[in-house]
Amino acid sequence: GNTVQQLDLTTAYTPSTATVTTNRTFTEPGGGTWEGMDFKADGTKMYLLTRYGGVSKVYQYTLSTPWVLSTATYDSVIATLNGETAGRAMRFGQNGGEKLFMVGSSTDRIYQYPSV
């Protein structure tokens with residue numbers, strides 16, 4: 001589905017201590033399904049990967065309160081990722097987000113893109 005859950009952990013990195021704090025559905029404008037997500041390091045931007053009709057796209061949302069999913073508002077499509085019709089997961093590089101990595105299932109490859 002297109003629902004993202006936010007969970008709080010009473011013990012860091014221990015999923016068994018999780019409590020769901022937010023369930024939020026994000027409707028992809030083109031009708032696709034969400035396949036992956038990532039956040040800007042400071043928690044002010046959220047990026048969702050979608051695929052629909054043989055195209056993989058990355059959507060950007062702004063979180064007015066960092067890391068609080070309920071404050072997310074849609075910004076725009078920031079990238080249409082060429083070379084892969086079925087993106088399955090994405091992650092920005094850790095050095096300031098200058099690279100984007102995507103796992104593709106139609107080609108069984110990992111793609112690297114410059115900043116989007």
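A residue counts as buried when its relative accessible area is under 20%, as exposed when that area is over 50%, and as partly exposed in between. By this criterion, 34% of the 116 residues of the protein are buried. The model is predicted, and its secondary structure consists of nine strands and zero helices.

**Overall fold and dimensions**

- Read along the sequence, the elements follow the pattern β-β-β-β-β-β-β-β-β.
- The radius of gyration of the protein is 14 Å, which agrees with the value near 13 Å that a compact globule of 116 residues would have.
- Along its principal axes, the C-alpha trace extends over about 40 × 30 × 25 Å.
- Among the contacts with a sequence separation of 6 or more, 33% are made by residues 24 or more positions apart.

**Surface and charge**

- The protein exposes about 6,700 Å², and carbon and sulfur atoms supply 51% of this area.

**Salt bridges**

- Side chains of opposite charge can pair when their charged atoms come close.
- The structure holds four salt bridges, and three of them are described here.
- One of them joins the side chains of R51 and E35, with an N to O distance of 3.0 Å. This pair links distant parts of the chain, since R51 belongs to strand β4 (residues 45-52) and E35 to strand β3 (residues 33-39), 16 residues apart.
- Both partners are partly exposed: R51 has a relative accessible area of 25%, and E35 has one of 22%.
- E35 also meets R88 in a salt bridge, at 3.3 Å from N to O. Because E35 lies in strand β3 and R88 in strand β7 (residues 87-92), the pair ties together parts that are 53 residues apart in sequence.
- R88 is partly exposed as well, with a relative accessible area of 35%.
- The side chains of R91 and D38 form a further salt bridge, at 3.4 Å from N to O. R91 is placed in strand β7 and D38 in strand β3, so this pair, too, ties together parts 53 residues apart in sequence.
- Through shared partners, salt bridges join E35, R51 and R88 into one network.

- L81 is located in strand β6 (residues 72-81).
- The relative accessibility of L81 is 4%, and this residue therefore counts as buried.
- The C-alpha atoms of L81 and S56 are 5.4 Å apart in space, although the two residues are 25 residues apart in sequence.
- Beyond its neighbours within four places in sequence, L81 is in contact with L49, S56, V58, L100, M102 and Y113.

Notes: Residues numbered from 1 in each chain as written. Predicted model: local features only at pLDDT ≥ 70, side-chain atom pairs only at ≥ 80, totals over all residues. Heavy atoms only, no water. Helix = DSSP H or I, 4+ residues; strand = E, 2+ residues; numbered from the N terminus. Rg over C-alpha atoms; globule rule 2.2 N^0.38 Å. Buried < 20%, exposed > 50% of the residue type's maximum accessible area, 1.4 Å probe, protein only. Contact = heavy atoms within 4.5 Å. Areas by Shrake-Rupley, 256 points an atom, 1.4 Å probe, with all protein chains shown as cover.
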